[in-house]
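Please keep the sequence and the coordinates at hand while reading.

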Amino acid sequence: MWGESRLHAGREKILREGGLWDAVKITACVLGTGLLIFTALVNSVSGYVQNIWDTLGHFWQTSWLKFYYLFEGKEWTIFLLGAALVPGLAFWGFNGILMVADVTGKPTFITRYRIQLGKNDPVDTKKLRQAIYTALCNQFFISLPMLVPMFYVMKWWGNTFSKELPTFHWFLVELSIFTLIEEILFYYTHRFVHLPLLYKHIHKKHHEWTAPIGVVSIYAHPVEHILSNTLPVMTGPMIMGSHIVSIAAWFSLALITTSISHCGYHLPFLPSPEFHDFHHFKFNQCYGVLGVLDYLHGTDTVFRQSKAYQRHRVLLSLTPLSESIPEAPRRAE
């Protein structure tokens with residue numbers, strides 16, 4: 001309780017004085033503490049998972065070596081397959097299923113979990129085609145070329161194409177660091193493109209979708225795609241000198257996660273998309289990924305007073321949260 005009160009006091013001071021440096025210091029403290037707690041939990045819980053990992057370890061290691069020798073150790077080819085092809089297939093495979101539901105309204109198992117009722121039901125196919133075209137352009141003409149300097153950074157580290165896979169514990173540590181770096185970089189670059197001048201000329205394109213769908217996660221102006229979509233995800237592996245298998249897993253996870261955040265459906269047993277969906281609905285709330293920086297900077301106050309906040313949890317039943325926690329009925333004019 002004392003720690004929570006202190007955090008509230010620090011947050012109120014930031015909101016009252018607008019001290020950016022104070023915000024940065026408190027952010028570093030909170031995220032650093034969170035990382036230590038997360039690492040402790042990983043050490044205690046992951047031991048059980050490690051036993052399973054060890055059992056499968058020989059299989060994964062053997063498979064990796066077969067893959068490595070199949071391409072004769074050609075590092076650029078292996079890098080492209082791991083950092084571009086595998087994440088790309090994950091993104092379009094997942095979004096392909098969602099787009100079927102967006103266009104046809106079927107299967108109802110998906111569409112009954114729509115967050116903004118009556119929106120994209122069905123989706124405007126003309127807007128969808130434009131979103132697909134922009135997403136593909138961003139992937140081929142921005143993300144792909146950005147892998148070239150990343151490749152040379154990873155070669156400099158010398159670990160990316162090791163014949164030995166990283167341990168499960170190390171992968172979890174890397175994953176936690178990647179997530180924290182993404183949260184920091186995405187939050188501040190996202191707020192940056194919300195400045196009036198940049199919003200008008202850059203970020204407004206992404207917000208054409210007030211009720212987003214999965215593929216809209218990378219529907220953005222090229223400058224925004226570099227600053228907010230690509231660099232926050234690429235930076236972690238470049239700092240850590242990660243293995244290509246870790247990079248492939250992280251890029252795929254990041255793309256699927258942002259697709260879930262934009263998909264417009266609060267599906268059972270998946271992370272809640274309510275937080276970012278609310279950002280598209282209200283524009284000036286919920287800029288981050290995890291929500292930690294939004295809490296510290298007070299950019300989630302309206303969200304916390306909404307029904308969406310009450311629904312912002314993993315759905316562990318088959319009853320849509322729009323039914324169990326419906327929006328309050330509007331007053332008659």
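How closely do the axes of helix H6 (residues 168-192) and H9 come, and at what angle do they cross? The two axes come within 11 Å and cross at roughly 45°. Axes here are lines fitted to C-alpha atoms, for helices over the stretch in contact, and angles run from 0 to 180 degrees between N-to-C directions. Helices (H or I, at least four residues) are DSSP runs numbered from the N terminus.

The model is a predicted one, in which local features need pLDDT of at least 70 and side-chain atom pairs count only at pLDDT 80 or more, while totals for chains, interfaces and linings use all residues. Residues are numbered from 1 along each chain as its sequence is written, and side-chain values use heavy atoms, with hydrogens and water left out. The mean pLDDT (the predictor's confidence in each residue, from 0 to 100) is 87 for the protein, and 82% of its residues reach 70 or more. Over residues 14-18 the pLDDT falls below 50, and this stretch has 9 contacts in the model beyond near neighbours in sequence; contact means heavy atoms within 4.5 Å.

Helix H9 itself covers residues 244-262. Its 19 residues should span 27 Å at 1.5 Å a residue, and the end C-alpha atoms are 27 Å apart, so the two values agree; the expected span is 1.5 Å times one less than the number of residues. After H9 comes Gly 264, with a positive phi near 85°.

From H6, residues including Phe 171, Leu 175 and Phe 178 take part in the contact, and H9 contributes, among others, Ala 249, Trp 250 and Leu 253. The residues of this contact divide into 6 nonpolar, 2 polar and 2 charged. Here Ala, Val, Leu, Ile, Met, Phe, Trp, Tyr, Cys and Pro count as nonpolar, Asp, Glu, Lys and Arg as charged, and the others, Gly among them, as polar.

H9 also packs with helix H3 (residues 75-104), at an angle of about 25° and with the axes 9 Å apart. H3 and H9 are therefore roughly parallel to each other, and H3 passes H9 in a right-handed crossing. The contact of H3 with H9 has 15 nonpolar, 4 polar and no charged residues. Among them are Phe 79, Val 86 and Phe 94 in H3, together with Ile 247, Phe 251 and Leu 255 in H9.

A further partner of H3 is H5: their axes come within 10 Å and cross at roughly 160°. H3 is therefore roughly antiparallel to H5, again in a right-handed crossing. By class, this contact has 19 nonpolar, 2 polar and 2 charged residues.

The backbone of the loops deserves a final look. Most residues other than glycine have a negative phi, and most peptide bonds are trans. A cis peptide bond with omega about 0° joins Lys 106 and Pro 107, and Pro 107 is found in the loop between H3 and helix H4 (108-111). Asp 121 and Pro 122 are likewise joined by a cis peptide bond, with omega about 0°; Pro 122 is found in the loop between H4 and helix H5 (125-157). Phe 283, a residue other than glycine, has a positive phi near 75° and lies in the loop between helix H10 (274-282) and helix H11 (292-297).

Definitions and conventions
Helix = DSSP H or I, 4+ residues; strand = E, 2+ residues; numbered from the N terminus. Parallel < 35°, antiparallel > 145°, perpendicular 65-115°, else oblique. Left-handed = near helix turned anticlockwise from the far one by under 90°.
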